Amino acid sequence: MRFSIMFLCTLVYVTIAHTIRVQEKLSAYDILEQYDFPVGILPKGATGYELNSNNGKFTAYLNQTCSFYIHSYELKYKPTIKGVISKDKLAKLKGVSVKVELVWLKIVEVTRIRDKLQFSVLGIASADFGVDNFLESPQCGCGFHCNNLQKIGDVSSI
Ligand SMILES: *[C@@H]1O[C@H](CO)[C@@H](O)[C@H](O)[C@H]1NC(C)=O
């Protein structure tokens, strides 16, 4: 008897939790996940998004310009990021740049190939990073290492 009440409570709880979740409006991060991207390709501070699910036109809004380091690259996000999203591919990207040898270059495409993310710069050069680098959204300024600043030294030597 006791067991079945517990079971029932659990069932009711799960049902309610699920319903609430479904009713919540999706965030820009949820949209990325729907297209098989990790949330960490978008920094914290997204205030909203627009998505045309017919043609994949996607715009994400950040509350500020954002820059941080990933490994030894400095990335910069404008407050408005645009692109065309499809499963595992974010094309025609606008608003994200990377600093390479003192020069800011635009990142025009992000493609997921299994457990790697490939960032293409101007469609010519590209750099690959493991998807597991992006499981959490970076924070502007300290990026992926806000709680563990010591790690920056380790990572930049990779
Ligand atoms: C933007 O959002 C982030 C994350 O929520 C927050 O830490 C930051 O202070 C915000 N910046 C501004 C300018 O409001």
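1. Basis. Because the model is predicted, local features need pLDDT of at least 70 and side-chain atom pairs count only at pLDDT 80 or more, while totals for chains, interfaces and linings use all residues. Residues are numbered from 1 along each chain as its sequence is written, and side-chain values use heavy atoms, with hydrogens and water left out.

2. Gly45, Asn63 and Gln64 are the residues around the ligand, where a residue is near a molecule if one of its heavy atoms lies within 4 Å of it. In the side chain of asparagine 63, an N or O atom is 2.3 Å from an oxygen atom of the ligand. In the side chain of glutamine 64, an N or O atom is 3.2 Å from a nitrogen atom of the ligand. The protein buries 40% of the 360 Å² that the ligand exposes when taken alone; accessible areas come from the Shrake-Rupley method with a 1.4 Å probe, and for residues only the protein chains shown count as cover.

3. First disulfide. The structure holds two disulfides, a disulfide being a pair of cysteine sulfur atoms within 2.5 Å. Cysteine 66 and cysteine 140 form a disulfide with their sulfur atoms 2.1 Å apart. This pair links distant parts of the chain, 74 residues apart: cysteine 66 is in strand S3 (residues 66–70), and cysteine 140 is in the loop between strand S8 (125–130) and helix H3 (151–156). Helices (H or I, at least four residues) and strands (E, at least two) are DSSP runs, numbered from the N terminus. The S-S torsion of cysteine 66 and cysteine 140 is about -115°, so the disulfide is left-handed. Cysteine 66 is buried at 1% relative accessibility, and cysteine 140 is partly exposed at 22%; buried means under 20% relative accessible area, exposed over 50%, and partly exposed in between (1.4 Å probe, protein chains only).

4. Cysteine 142 is joined to cysteine 146, S to S 2.0 Å. The torsion about their S-S bond is about 95°, so this disulfide is right-handed. Cysteine 142 is partly exposed at 26% relative accessibility, as is cysteine 146 at 23%.

5. Positive phi. Most residues other than glycine have a negative phi. Aspartate 88 has a positive phi of about 70°; aspartate 88 lies in the loop between strands S4 (73–86) and S5 (89–100) and is buried at 18% relative accessibility. Arginine 114 has a positive phi near 50°. Arginine 114 sits in the loop between strands S6 (103–113) and S7 (116–121) and is exposed at 70% relative accessibility.

Conventions: A polar contact is a pair of N or O atoms within 3.5 Å; within protein, one must be able to donate a hydrogen and the other to accept it, and residues adjacent in sequence count only if both atoms are side-chain atoms.
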